Amino acid sequence: MDECGNLDTQKFDRSVWLMKCPLVVSKSWQAHSSDPQPVAKVVVSVDPLQPDASNSLQFSMELASTDSGNTPKNYSLNMFKDFVPLCIFSETNQGKVTMEGKVEHKFDMKPHNENIEEYGRLCRERTNKSMIKNRQIQVIDNDRGAYMRPMPGTVGLISSSSKDKKKATPVKGPDMKRTRRDRGELEDIMFKLFERQPNWALKQLVQETDQPAQFLKEILNELCVYNKRGTNQGTYELKPEYKKSVEDGDS
């Protein structure tokens, strides 16, 4: 114990390992933190024919269990020897700080090559889940809208006592923000529009799809060519490879 009594250094000479692991492994271990059973097994391999046995050391890890079917169980531990000296500290709720040891080995976990395909599926599943929009339906108590703010662009105000009530048609001005559709859904709409006619101007497509012009340009640059001259000047038409797929769909 040091003179101030705040830092316990009795474990100063203890060697510890520092390991960087994938998020899915970290979450799995945290979920089993109260489980007394081991969460993983480390295997150390050495080539006895090598003159320097320390250089032939290879580390791997096998997880005891996984929470997902696509989570790899076997990992390579890539060891780093050249790193800044590090020490590990812990602190209790009472403010007592303890030195747990010095970092002897530093590792990065990497799925084995035979598990790369499964790990790729896991990453794709995680990406797809993050792209799902969580929509909520809420019941409005005041369904007459007495306390609701009028929508922007609403034409005029109609008295509730009027005998011929007409629905106010909201007018969408050019400066009103348009909501982007899902990219795949918008591409399907674009292909259907080009089935109707081969050439479209950007202004026409904005009116047909009700999408922001800049977002439409990004899609058009991928799917279409822009006619700078000729009879169809200023319009877009599908690239040849997409024209074929549209024609195949018609047949």
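Predicted model: local features only at pLDDT ≥ 70, side-chain atom pairs only at ≥ 80, totals over all residues.
Biologist: How many helices and strands does the secondary structure of the protein come to?
Modeller: The protein has 251 residues, and buried ones make up 22% of them. Its secondary structure comes to six helices and nine strands.

Biologist: Among contacts between residues at least 6 apart in sequence, what percentage join residues at least 24 apart?
Modeller: The set is limited to contacts in the protein between residues at least 6 apart in sequence. Of these, the share joining residues at least 24 apart is 56%.

Biologist: Is Thr235 buried or exposed?
Modeller: Thr235 sits in the loop between strand 8 (224–226) and strand 9 (236–238). Its relative accessibility is 15%. The cut-off for burial is under 20%, so Thr235 counts as buried.

Biologist: Which side chain joins that of Thr235 in a polar contact of 3.3 Å?
Modeller: The side chain of Thr235 also reaches the backbone oxygen of Asn232, at 2.5 Å. The side-chain partner, at 3.3 Å, is Asn199.

Biologist: Where is Asn199, and is it buried or exposed?
Modeller: Asn199 lies in the loop between helix 3 and helix 4. Beyond four places away in sequence, Asn199 touches Asn227, Asn232, Thr235, Tyr236 and Glu237. Its relative accessible area is 16%, so Asn199 is buried.

Biologist: How far apart in space are Gln204 and Thr235, C-alpha to C-alpha?
Modeller: Gln204 belongs to helix 4 (residues 202–209). At 36% relative accessibility, Gln204 counts as partly exposed. In sequence, Gln204 and Thr235 are 31 residues apart. In space, their C-alpha atoms are separated by 9.6 Å.

Biologist: What distance does helix 3 reach from its first C-alpha to its last?
Modeller: Helix 3 covers residues 183–196, which makes 14 residues. At 1.5 Å a residue, 20 Å is expected. The model comes close to that, with a reach of 20 Å.

Biologist: What arc do the buried residues of helix 3 cover around the axis?
Modeller: The buried residues in helix 3 are Leu186, Met190, Phe191, Leu193 and Phe194. They lie on the same side of helix 3, because they cover an arc of only 160°.

Biologist: Which exposed residues does the face of helix 3 turned away from its buried side carry?
Modeller: The buried side includes Leu186 and Phe194. The face turned away from that side carries two exposed residues, Lys192 and Arg196.

Biologist: Which residue caps the N-terminal end of helix 3?
Modeller: Look for a side-chain oxygen 3.2 Å from the backbone nitrogen of Gly184. The residue that supplies this oxygen is Asp182.

Note on methods:
Residues numbered from 1 in each chain as written. Heavy atoms only, no water. Helix = DSSP H or I, 4+ residues; strand = E, 2+ residues; numbered from the N terminus. Buried < 20%, exposed > 50% of the residue type's maximum accessible area, 1.4 Å probe, protein only. Polar contact = N/O pair within 3.5 Å; in protein donor to acceptor, adjacent residues only side chain to side chain. Expected span 1.5 Å × (residues − 1). Arc of directions from axis to C-beta. Contact = heavy atoms within 4.5 Å.
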